[in-house]
Amino acid sequence: QVQLVESGGGLVQPGGSLRLSCATSGSIFSIATMGWYRQAPGKQRELVAYITRGGSTNYTDSVKGRFTISRDNPRNTVYLQMDSLKAEDTAVYYCNAKRLLRPAFNYWGQGTQVTVST
């Protein structure tokens, strides 16, 4: 069974920083586009950022310039560095590993809570 193990969530004040981590097996990580999604209470899950195998990145507009996604291939880990956090960033953040070509897959982590509050 594929596992995506997330860590790094917590409570932070507005303007602060957090770094999320997500590790998985090498057989998955090496062929997947890795992404971070988030879901706030009462809202749909939304894409925050993704990074391809080749290192290309994409961000939703609301986090551009504040969040940075990166991947450490030897450690099979993807990171989301979140700076200048705002109250509206409060959500459960989910790691995702996706591949559209064969062998296709779409795996999710268990989610980690990020709360931005005074």
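Biologist: Where is Thr24 found?

Modeller: Let's begin with what we're looking at. This is a predicted model, where local features need pLDDT of at least 70 and side-chain atom pairs count only at pLDDT 80 or more, while totals for chains, interfaces and linings use all residues. Residues are numbered from 1 along each chain as its sequence is written, and side-chain values use heavy atoms, with hydrogens and water left out. Helices (H or I, at least four residues) and strands (E, at least two) are DSSP runs, numbered from the N terminus. Now for your residue: Thr24 is in the loop between β3 and α1 (26-29).

Biologist: What does Thr24 touch?

Modeller: Contact means heavy atoms within 4.5 Å. Leaving out residues up to four places away in sequence, Thr24 touches Val2, Gln3, Leu4, Phe29 and Asn76. With Gln3 there is also a closer look to take: a polar atom of the Thr24 side chain lies 2.8 Å from the backbone oxygen of Gln3.

Biologist: Okay, on to the sheet. What order do the strands have?

Modeller: The general idea is that strands of a sheet pair through backbone hydrogen bonds, either parallel or antiparallel. Here, two strands pair if DSSP finds at least two bridges between them. Reading across, you get β1-β3-β8-β7, an open sheet of four strands with antiparallel pairing. β1 (5-7) and β7 stand at the edges with a single partner strand each, so one side of each has no neighbour in the sheet. From one strand to the next, the twist averages 15°, where axes are lines fitted to C-alpha atoms (for helices over the stretch in contact) and angles run from 0 to 180 degrees between N-to-C directions.

Biologist: How many bridges join β1 to β3?

Modeller: Three, and the two strands run antiparallel, with β3 covering residues 18-23. To find one in the viewer, pick Ser7: its bridge partner in β3 is Ser21.

Biologist: How many disulfides does the structure hold?

Modeller: A disulfide is a covalent bond between the sulfur atoms of two cysteines. In the model, we call it when a pair of cysteine sulfur atoms is within 2.5 Å. There is one: Cys22 and Cys95, with sulfur atoms 2.0 Å apart. Cys22 is in strand β3 and Cys95 in strand β9, so the pair ties together parts that are 73 residues apart in sequence. The angle about the S-S bond is -80°, a left-handed link. Both Cys22 and Cys95 are buried.

Biologist: And how many salt bridges are there?

Modeller: A salt bridge needs a side-chain nitrogen of Lys or Arg within 4 Å of a carboxyl oxygen of Asp or Glu. The structure holds five. One of them joins Arg66 and Asp89, with the closest N and O atoms 2.8 Å apart. Arg66 sits in the loop between β6 (57-59) and β7, and Asp89 in the loop between β8 (77-82) and β9 (91-99), so the pair ties together parts that are 23 residues apart in sequence. Arg66 is buried at 10% relative accessible area, and Asp89 is buried too, at 1%. These two also belong to a salt-bridge network with Arg38 and Glu46.

Biologist: Which residue meets Arg75 in a salt bridge?

Modeller: That's Asp72, at 3.0 Å from N to O. Asp72 is in strand β7 (residues 67-72). Compare the ends: Asp72 is buried at 18%, whereas Arg75 is exposed at 59%. Asp72 also touches Phe29, Thr77 and Tyr79, again not counting residues up to four places away.

Biologist: Last one: which peptide bond is cis, with omega near -5°?

Modeller: Most residues other than glycine have a negative phi, and most peptide bonds are trans. The cis bond here runs from Arg102 to Pro103, and Pro103 lies in the loop between β9 and β10 (105-108). As for phi, Asn76 is not a glycine, yet has a positive value of about 55°; look for Asn76 in the loop between β7 and β8. Ser84 has a positive phi too, near 50°, and lies in the loop between β8 and β9. At 41% relative accessible area, Ser84 is partly exposed.

Methods:
Buried means under 20% relative accessible area, exposed over 50%, partly exposed in between (1.4 Å probe, protein chains only). A polar contact is a pair of N or O atoms within 3.5 Å; within protein, one must be able to donate a hydrogen and the other to accept it, and residues adjacent in sequence count only if both atoms are side-chain atoms.
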